[in-house]
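User: Could you take a close look at one part of this model and walk me through how its pieces are arranged?

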Amino acid sequence: MKKSIGMKSSYVLTAKSVDYEITETSAGNFALGFESKSGLFVVEYYGRSDTDINHEIKNWINKYKRFKFFYASSPKSAFIKECKNYHAFDKKKIDNKSHPIKPENTEYECPYCP
Ligand SMILES: [Zn+2]
């Protein structure tokens, strides 16, 4: 199976599943979407949390069906990764309409903006 953004397999998006899979309180990135008939995870939205990915993903329950996640070593690396995903994907195919916002109280810049 193709793993387009190098994350682990996808999980059903419920509070129980999120708590089961995301056991660390950590910054991180996540992708939300659904599984196609052929079993491919189709991404519809990318997100990140600078503090607690478990908490952030729960905001999207009932809006999307499945999730993937990846812990980040710092808010900065989570931001950079989110920028990379944002620039790499066809904007018409994902729900993200605006560029990722830098973490609060930082001056991090997107390295992928022209
Ligand atoms: Zn950018």
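Val12 stands opposite Arg66 in strand S4. The model is predicted, with local features requiring pLDDT of at least 70 and side-chain atom pairs 80 or more, while totals for chains, interfaces and linings use all residues. Numbering starts from 1 along each chain as its sequence is written, and side-chain values use heavy atoms, without hydrogens or water.

Strand S1 joins S4 (residues 66-71) in an antiparallel pairing over two bridges (pairing requires at least two DSSP bridges; strands are DSSP E runs of at least two residues, and helices H or I runs of at least four, numbered from the N terminus). The open sheet has four antiparallel strands, ordered S1-S4-S2-S3. Because S1 (11-12) and S3 (41-49) are the edge strands, each with a single partner, one side of each has no neighbour in the sheet. Helix H3 (residues 75-88) packs on this sheet, touching S2 (28-35), S3 and S4 (contact means heavy atoms within 4.5 Å), and its direction makes about 145 degrees with that of S3 (axes are fitted to C-alpha atoms, for helices over the stretch in contact, with N-to-C angles from 0 to 180 degrees).

The zinc ion has as protein donors His87 (NE2), His99 (NE2), Cys110 (SG) and Cys113 (SG), at 2.0 to 2.3 Å (donors are N, O or S atoms within 2.8 Å of the metal, or 3.2 Å for Na, K and Ca; water is not among the atoms, so sites may look incomplete). Their angles of 104 to 116 degrees make the arrangement tetrahedral (four donors, all angles between 85 and 135 degrees). Along the chain, the donors follow the spacing H-x11-H-x10-C-x2-C. Because His87 lies in H3 and Cys113 in the segment after H3, the pair ties together parts 26 residues apart in sequence.

Technical notes. Four donors count as tetrahedral if all angles lie between 85 and 135 degrees; four count as square planar and six as octahedral if opposite donors are over 155 degrees apart and all others between 65 and 115; anything else is irregular.
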